[in-house]
Protein chains: 2
Amino acid sequence: MQPGWEAIRAEVLRRIRAREWRPGDLIPGEEALAGEFGVARATVNRALRDLAGAGLLERRRKAGTRVALNPVRKATLDIPVTRQEIEGRGQSYAYRLLSEDDLAAPVPVTSRLGLPPGSRLLRLRALHLADGRPHLYEDRWLNPQVLPTPRPDFHAISANEWLVRNQGFVTGDIAFAAEPAGADEAAVLGVGEGAALFVIERTPWSAEAPITAVRLAYAPGYRMQTLL
Amino acid sequence: MQPGWEAIRAEVLRRIRAREWRPGDLIPGEEALAGEFGVARATVNRALRDLAGAGLLERRRKAGTRVALNPVRKATLDIPVTRQEIEGRGQSYAYRLLSEDDLAAPVPVTSRLGLPPGSRLLRLRALHLADGRPHLYEDRWLNPQVLPTPRPDFHAISANEWLVRNQGFVTGDIAFAAEPAGADEAAVLGVGEGAALFVIERTPWSAEAPITAVRLAYAPGYRMQTLL
DNA sequence: GAGTGGTCTAGACCACCAA
DNA sequence: TGGTGGTCTAGACCACTCC
């Protein structure tokens, strides 16, 4: 039998689950395991690195590898472009730009973006529809520095889609919450004021500058789902 | 300069962002890039594999590596044990078991778990408190097959914590939503009926059997946050 | 200081799958 | 069926960090 790194990962996993190696225990070094399994050290390394990435092992140079005391579950979420998400369900997608203004951004927005107070940003409000019904209300403040001249036509393409295609990979943060619908949101989404909305707030950064601060409020019934 | 796989990843990223390689383009093979960067093919492989994992590249044997047309953002969420999450914020943690019953589970629950209708499960209802105030209402159906005899004392340890410590790594699914508080939840959490609650539903499986179906309703104001 | 994991190399074989 | 990515090896050097 040729183990392969996935087989080694599975065996290590089995020993953890079987409590042969208990939380907090130091497990044998890579060299020792390589000898035991009859593979090269790099193969063991690949398996253990994968388990460490999943939060099951904690590895430190010199200190060795331990079974994590508090296995933090890590779930990977896919954050699709809204149009694809809707079309992927077989529904028709439509997008409507509600407003587009150059404004001095309020302080909470500039501080989220790390820009000086009073910076002028492009504010976009838009509605995404699935089968003609309101699906997602988008409220976005966009750093005009990242835009080319002339500006993209945000009536034709959603800002998110344009950014995904033209900004590539970026860092940033993302937060999820449940919030009651405000008066504006309730009207736009066609729900009662105070309805429970699933809200995503994102603040992506490129290497050089903050890109945008966006608040996405989903119509009731939206669920975000993933495998563990 | 010794590139290293992270430098190679950065350079590939730069080319994608600079649109030297556009979405859908076939990029050079590993061998060619290894030659260009003056590193071994394994080093290039590591960098490209990482970018593919992030959703930016699509790789297929024989077909080669392409820049993804629709870069799906992937975010990794940490799902901590509630006690640690609260104590990590410097708040005091308390846990109160509200009820513990052997019941025939309703059909939605048995179907989620893939068990025959009418299966008897252990239902646990519990409240987690932060600084003495309601933080999280937990409604859980637990497969008694995974429990030892005698059963753990779920007054002393929360079911989640017991499972994390004793079930090890499992698969399953997880969903996030915003829902209005029902009458029970509102009373337990001390909020108005219909308040917007952040809800997580989890259904973890071990290799052999479904473990539990749990619904977690967080008190208003809860945010789940992570880096992209 | 020394032990451990992190990474790199040069080469090899293999699995997959588009042509 | 050939080209490409996936993986493995045996060895090496290095960086980090605990002792």
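User: Which residue forms a salt bridge with A:Glu201?

Analyst: A salt bridge is a side-chain nitrogen of Lys or Arg within 4 Å of a carboxyl oxygen of Asp or Glu. Here, B:Arg223 partners A:Glu201, and their closest N and O atoms are 3.4 Å apart. Between chain A and chain B the count is two salt bridges. Keep in mind that this is a predicted model, where local features need pLDDT of at least 70, side-chain atom pairs count only at pLDDT 80 or more, and totals for chains, interfaces and linings use all residues. Side-chain values use heavy atoms, with hydrogens and water left out, residues are numbered from 1 along each chain as its sequence is written, and chains are lettered from A and ligands numbered from 1 in the order in which they are written.

User: How is the size of an interface often given?

Analyst: Often as the accessible area lost when the parts come together. Buried area is that loss (1.4 Å probe), summed over both parts. For chain A and chain B, about 4,800 Å² is buried, with 55% from carbon and sulfur atoms. Counting contact as heavy atoms within 4.5 Å, chain A brings 50 residues and chain B brings 49 residues.

User: In which sense do E4(A) and strand E4 of chain B pair?

Analyst: Strands are DSSP runs (E, at least two residues), numbered from the N terminus, and two of them pair if DSSP finds at least two bridges between them. E4(A) and strand E4 (residues 73-79) of chain B pair in the antiparallel sense, over seven bridges. For instance, A:Arg73 has B:Ile79 in E4(B) as its bridge partner.

Methods
Buried area = accessible area lost by both parts, 1.4 Å probe. Helix = DSSP H or I, 4+ residues; strand = E, 2+ residues; numbered from the N terminus.
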